[in-house]
Amino acid sequence: MSFVMADNGDDDNQYRIKEGDYVVLKRGEIFKAVQIQPRKKVIFEKQWIFLDNAVGQLYSTTFEILSGGNLKPHELKDTASPLDAVEAGTDNRNIVDDGKSQKLTRDDIEALKEKGLKGQDIIKKLVDNHATFGDKTEYSQVKYIKKKKKKYENTVMILKPSCRILAMMYHGREPGKICHLRYDTLAQMLTLANIHAGSKVLVFETCAGLVLGSIMERMGGYGSVIQMYPGGGPVRAGVENFGFPAHFHDTLHEFPICHVNALLAGTLDTSAKDPTAENTHEKQLNLAAEKKQNQPEAEEQGTPEEESMVTNTGDDAGQDVEKTEKDKLKEAKAQVKKLRLEEKQRKLAATAALLKGRNADGLVISSRFHPCPVLLGLLKFLSPSRPFVVYSQYIEPLIECFKKLKECGGTVNLRLTDTWLRHYQVLPDRTHPLLLMSGGGGYLLSGTTVATDHSKPAGSKQAEEPAPKRQKLEDTEG
């Protein structure tokens, strides 16, 4: 029994908030990802908050925001509901929304706040001073209380980051950053690509790292994820919000999409030097030439008396000291740049070695770029009988990909799908779809790779089929 209790204590520690953790703040349907740092002000819903008091508390705890922005665990009091002593009306036909039914003014409510009244007490005062509250139906009264709670109850919930929560956060606040990828569509992508621990997955995404982080979360730190990125470097802002342990990042590799063709052709030089090195060398030569041109002018200007020459030599000595300091700074920066370049080349060579085997277990594409050339290039790195999935906010690019894959061959079970999601309010006697819903969750193209015989062209079988048919016709005529 004591052994079980010890295990429970160890397990309980991982569900507690610690300093430096990445967490998600939630109020209603609004989310925000932040990091727990000592005495750091966090703005959430136009309000300053300090998260220091949350350290040591369990995740999914609701906190009350006190004056000054400090947090306190919210205690659920067994107080009577504002609806307990109020009778409900039969209908709302005689209620006129003229703004005069509430006797409390804004100044009165602010005065109640200054006295230290909590949200529940303020809502009770609002109900008592509402002239037509008793005439409302029971459903209208519940709706009114819910609306006032959202406005006056000063609470926030702290959640542990997960794929679902972060996807809902991005889709609700900044859908353009994730190409309007909805959370249910993301869940289908992870399922269709068969993401699991121990697999080797290729990812090409421009969704702020949300798709990449979701794949890493499902793999659990086992296997390898190769991020193919456009531009100068990979974007992983969303991955940080997951708060993965250090060993998760050991499974993450990166490879520039612009070098894929060179890798396929076998001409990729992983020991290449910095392309800007030649440019810097040219700049140094140009600066030296300019100095030589400026030297005669300086000599012509510097031929006066001896006193002025003494002062000039003193100035030149000071300038030489400044130049040596600047040269040292330049050398230090050049050394740091060289080390970074070497590290980048080392990572590039390691990732290229992983890709050369062409034995990846899955491919996920979700970007703002046209997916067709990316898909056709990256499919060559997959083993036979491996899944791939492509997301696009629009259907037209995926139709083009579908046609290209049919022409090229090497894939089966191609499916182009559209997901329809609808939220329902489920309450007694008032279950109905919500009025505001997402219009579309984008489109998915999925399929499976197969081994192909490269000795024959894709259309060779089609060309051979009509020959026996013509032969049968000739035999029947004869």
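The model is predicted, and its residues are numbered from 1 along the chain as the sequence is written. Seven strands form an open sheet of mixed pairing, in the order E10-E9-E8-E11-E12-E16-E13, and helices H13 and H14 each lie across several of these strands. The structure also holds three aromatic pairs, and a UniProt annotation from an unreviewed entry marks residues 322-349 as a "coiled-coil region".

- Strand E8 and strand E9 (residues 224-229) pair in the parallel sense over four bridges, and Val203 stands opposite Gln227 in E9.
- E8 also runs parallel to E11, to which five bridges join it, and here Val201 stands opposite Gly362 in E11.
- E11 in turn pairs with E12 in the parallel sense over four bridges, with Leu363 standing opposite Phe388 in E12.

**Strand E11 and Ser366**

- Five of the five residues of E11 are buried, so this strand is largely enclosed by the rest of the structure.
- In a regular strand the side chains alternate between the two faces of the sheet.
- Both faces of E11 are covered, with Gly362, Val364 and Ser366 buried on one side and Leu363 and Ile365 buried on the other.
- Ser366, which lies in strand E11, counts as buried because its relative accessibility is 0%.
- Leaving aside residues up to four places away in sequence, Ser366 touches Leu181, Met189, Phe204, Glu205, Thr206, Cys207, Val211 and Tyr391.

**Helices across the sheet**

- Helix H13 lies across E8, E9, E11, strand E12 (387-392) and strand E16 (443-449), and it runs at about 165 degrees to E11.
- Six of the eight residues of H13 are buried, so this helix is largely enclosed by the rest of the structure; the buried residues are Pro371, Cys372, Val374, Leu375, Gly377 and Leu378.
- Helix H14 (residues 396-408) lies across E12, E13 and E16, and its direction is at about 165 degrees to that of E13.

- In helix H5 (residues 163-173), the buried residues are Cys163, Ile165, Leu166, Ala167, Met169, Tyr170 and His171.

**Aromatic pairs**

- Of the three aromatic pairs in the structure, one is formed by Phe204 and Phe369, whose ring centres are 6.3 Å apart and whose planes stand at 40 degrees, so the pair is tilted.
- Phe204 lies in strand E8 (residues 200-205) and Phe369 in the loop between strand E11 (362-366) and helix H13 (371-378), so the pair ties together parts that are 165 residues apart in sequence.
- Phe204 is buried, with a relative accessible area of 2%, whereas Phe369, at 35% relative accessibility, counts as partly exposed.
- The rings of Phe244 and Phe248 have their centres 5.0 Å apart and their planes at 5 degrees, so this pair is stacked, and both residues are buried.
- Phe244 and Phe248 also belong to a cluster with Phe242, in which the residues are linked by ring pairs.

**Charges over rings**

- The charged end of Arg39 sits over the ring of Phe50, at a distance of 4.1 Å from the ring centre.
- Lys41 lies over the face of Trp48, and the distance to the ring centre is 5.0 Å.

**The annotated stretch**

- The "coiled-coil region" that the unreviewed UniProt entry assigns to residues 322-349 is 100% helix and 0% strand in this model, and the C-alpha atoms at its ends are 40 Å apart.

Definitions and conventions
This is a predicted model: local features need pLDDT of at least 70, side-chain atom pairs count only at pLDDT 80 or more; totals for chains, interfaces and linings use all residues. Side-chain values use heavy atoms; hydrogens and water are left out. Rings of Phe, Tyr and Trp (its six-membered ring) pair if their centres lie within 6.5 Å; planes under 30 degrees apart count as stacked, over 60 as edge-to-face and the rest as tilted. Helices (H or I, at least four residues) and strands (E, at least two) are DSSP runs, numbered from the N terminus. Buried means under 20% relative accessible area, exposed over 50%, partly exposed in between (1.4 Å probe, protein chains only). A charge sits over a ring if NZ of Lys or CZ of Arg is within 6 Å of the ring centre and within 35 degrees of the ring normal. Contact means heavy atoms within 4.5 Å. UniProt positions are given in the numbering used here, feature names are shortened, and annotations may be inferred rather than shown by experiment. Two strands pair if DSSP finds at least two bridges between them. Axes are lines fitted to C-alpha atoms, for helices over the stretch in contact, and angles run from 0 to 180 degrees between N-to-C directions.
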